[in-house]
Amino acid sequence: MKSSRQEKILAIIERESIETQNQLMEALAREGVKSTQATLSRDIRDLHLVKELAADGTYRYVAAGKDGLLDHDTRLRKIFRESVVDYAVAQNIIVIKTLPGLANAACSTLDSMNIPHLVGSIAGDDTAFVAMKDNAAAEHFCLEIEKLL
């Protein structure tokens, strides 16, 4: 079931410009595959899907590393740099503001970096919350974010 669904996801993003998880869920439903947003999030992570800037100025899901594209980590770091608008630390929480629809990509970048003292991250549409073990770790990581940008 999982591999079949993931194959359909790859086929859909190959032929359609999919910008959001909702659009992907609707495209899967048209093909007779029911899915939840949480399942799609896991599939996107497992398949290493990233959002790429299309010629029309919108972002669309693509498979990382396909057709000679940059490797997954490099692409995620590039997306992070291009999507983050602002960030601030609030004790052990770092709040990251992104362009609309790109907070998930920013969190995916951070999650893939194996950052010491990172407890977890959660993303909305344009805001991500990153929890660090303590205030000092959050302050230190803000310096790392500055380097990424």
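## Helix α5 and the residue after it

Just after helix α5, N114 takes a positive phi of about 50°. Helices (H or I, at least four residues) and strands (E, at least two) are DSSP runs, numbered from the N terminus. Helix α5 covers residues 103–112, and its buried residues are A103, A105, A106, C107, T109 and L110. Buried stands for under 20% relative accessible area, exposed for over 50%, and partly exposed for what lies in between (1.4 Å probe, protein chains only).

## Basis of the values

The model is predicted: local features need pLDDT of at least 70, side-chain atom pairs count only at pLDDT 80 or more, and totals for chains, interfaces and linings use all residues. Residues are numbered from 1 along each chain as its sequence is written, and side-chain values use heavy atoms, with hydrogens and water left out.

## The four-stranded sheet

Four strands form an open sheet in the order β3-β4-β6-β5, with antiparallel pairing. Two strands are taken as paired if DSSP finds at least two bridges between them. The edge strands are β3 (84–90) and β5, each of which pairs on one side only. On average, neighbouring strands of this sheet are turned by 15° against each other, direction ignored. Strands β5 and β6 run antiparallel and are joined by five bridges. In this part of the model, A123 stands opposite A128 in β6.

Helix α5 packs on the sheet and touches β4, β5 and β6; its direction makes about 165° with that of β5. Helix α6 (residues 135–148) lies across β3, β4 and β6, and runs at about 165° to β3. Axes here are lines fitted to C-alpha atoms, for helices over the stretch in contact, and angles run from 0 to 180 degrees between N-to-C directions. Contact means heavy atoms within 4.5 Å.

## F129 in strand β6

F129 is located in strand β6 (residues 127–132). Its relative accessibility is 40%, so F129 counts as partly exposed. Leaving out residues up to four places away in sequence, F129 touches I93, I94, V95, G120, S121 and I122. The C-alpha atoms of F129 and E16 are separated by 30 Å, and the two residues are 113 residues apart along the chain.

## The β1–β2 hairpin

Strand β1 (residues 49–53) and strand β2 (residues 59–63) run antiparallel, joined by five bridges. V50 stands opposite V62 in β2. The hairpin of β1 and β2 has five residues between the strands, and G57 in this hairpin takes a positive phi near 90°.

## Helix α1 against helix α3

Two packed helices are described by the angle between their axes and the distance between the axes. For helix α1 (residues 2–15) and helix α3 (residues 37–46), the axes come within 11 Å and cross at roughly 75°. α1 and α3 are therefore roughly perpendicular to each other. Under the angle classes, values under 35 degrees count as roughly parallel, over 145 as roughly antiparallel, 65 to 115 as roughly perpendicular and the rest as oblique.

On the α1 side the contact holds K2, R5, Q6 and I9, which meet T39, L40, D43 and D46 in α3. By class, the contact of α1 with α3 has two nonpolar, two polar and four charged residues. In this scheme Ala, Val, Leu, Ile, Met, Phe, Trp, Tyr, Cys and Pro count as nonpolar, Asp, Glu, Lys and Arg as charged, and the others, Gly among them, as polar.

## Salt bridges

A salt bridge is a side-chain nitrogen of Lys or Arg within 4 Å of a carboxyl oxygen of Asp or Glu. By this rule the count comes to nine salt bridges. One of them joins the side chains of E31 and K8 (3.8 Å, N to O). E31 lies in the loop between α2 (21–30) and α3 and K8 in helix α1, so the pair ties together parts that are 23 residues apart in sequence. E31 is partly exposed at a relative accessible area of 30%, and K8 is partly exposed at 27% relative accessibility.

K97 forms a salt bridge with D126, where the closest N and O atoms are 3.9 Å apart. This pair links distant parts of the chain: K97 is in strand β4 (residues 93–98) and D126 in the loop between β5 (118–123) and β6, 29 residues apart. K97 is partly exposed, with a relative accessible area of 34%, and D126 counts as partly exposed at 28% relative accessibility. Elsewhere, salt bridges that share partners join K8, R15, E16, R30 and E31 into one network.
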